[in-house]
Amino acid sequence: MAVGIKELMARAEAEVRSVSSIEAQPMMQDEDTVFVDIRDVRELERDGLIPGAKHAPRGMLEFWIDPESPYHKPWFAEDKTYLFYCASGWRSLLATQVAQEMGLKAASLTGGFGDWKRAGLPVEERKPK
């Protein structure tokens with residue numbers, strides 16, 4: 001294998017701004033910050049999500065960000081900072097790196113949703129559709 005996950009993560013950590021759950025909580029009130037949950041919908045339904053977060057499945061992220069894509073989501077074209085998170089912070093670290101490469105102002109939630117919940121921060125239920 002030419003490049004493994006450890007190397008990919010190290011590269012992303014060198015390029016990406018990461019914030020802890022405690023640092024991120026006040027950002028919930030910031031109109032210029034969008035929390036983006038990239039976990040699978042089953043994870044959201046099982047565990048909940050950060051209140052007010054948008055959902056963008058990791059597998060569709062690049063397509064939703066790119067305005068040239070037929071799957072583009074207009075909320076990704078806003079001049080905001082996008083705070084990406086997953087369960088433990090690994091997927092969101094890589095997603096944040098890609099989002100930055102695509103031109104977004106982005107950051108990653110260190111420790112992901114797991115750290116958020118362990119810190120006792122607010123969680124919203126997500127009911128199955």
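1. E43 is buried, at 14% relative accessible area (buried is under 20%, exposed over 50%, partly exposed in between; 1.4 Å probe, protein chains only). The model is predicted, so local features need pLDDT of at least 70 and side-chain atom pairs pLDDT 80 or more, while totals for chains, interfaces and linings use all residues. Residues are numbered from 1 along each chain as its sequence is written, and side-chain values use heavy atoms, without hydrogens and water.

2. E43 forms a salt bridge with R91, with 3.0 Å between the closest N and O atoms (a side-chain nitrogen of Lys or Arg within 4 Å of a carboxyl oxygen of Asp or Glu). This pair links distant parts of the chain, 48 residues apart: E43 is in helix α3 (residues 41-47) and R91 in helix α5 (helices are DSSP runs of H or I, at least four residues, and strands runs of E, at least two, numbered from the N terminus). R91 is partly exposed, at 32%.

3. The search of the whole structure finds 9 salt bridges. Among them, R39 pairs with D37 at 2.7 Å between the closest N and O atoms, and both residues are buried.

4. D79 and K105 also meet in a salt bridge, at 2.9 Å from N to O. D79 lies in the loop between α4 and β4 and K105 in strand β5, so the pair ties together parts 26 residues apart in sequence. D79 counts as exposed at 62% relative accessibility, and K105 as partly exposed at 43%.

5. The open sheet has 5 strands in the order β1-β5-β4-β2-β3, with parallel pairing (two strands pair if DSSP finds at least two bridges between them). β1 (18-19) and β3 (54-55) are at the edges with a single partner strand each, so one side of each has no neighbour in the sheet. Strands β4 (residues 81-85) and β5 (residues 105-109) run parallel and are joined by 4 bridges; F84 stands opposite S108 in β5.

6. Helix α5 (residues 90-101) packs on the sheet and touches β1, β4 and β5, its direction making about 175 degrees with that of β5 (contact means heavy atoms within 4.5 Å; axes are lines fitted to C-alpha atoms, for helices over the stretch in contact, with angles from 0 to 180 degrees between N-to-C directions). Its buried residues include L93, L94 and V98, and their cover includes α1 (5-15) and α4 (61-65). G103, which follows α5, has a positive phi near 105 degrees.
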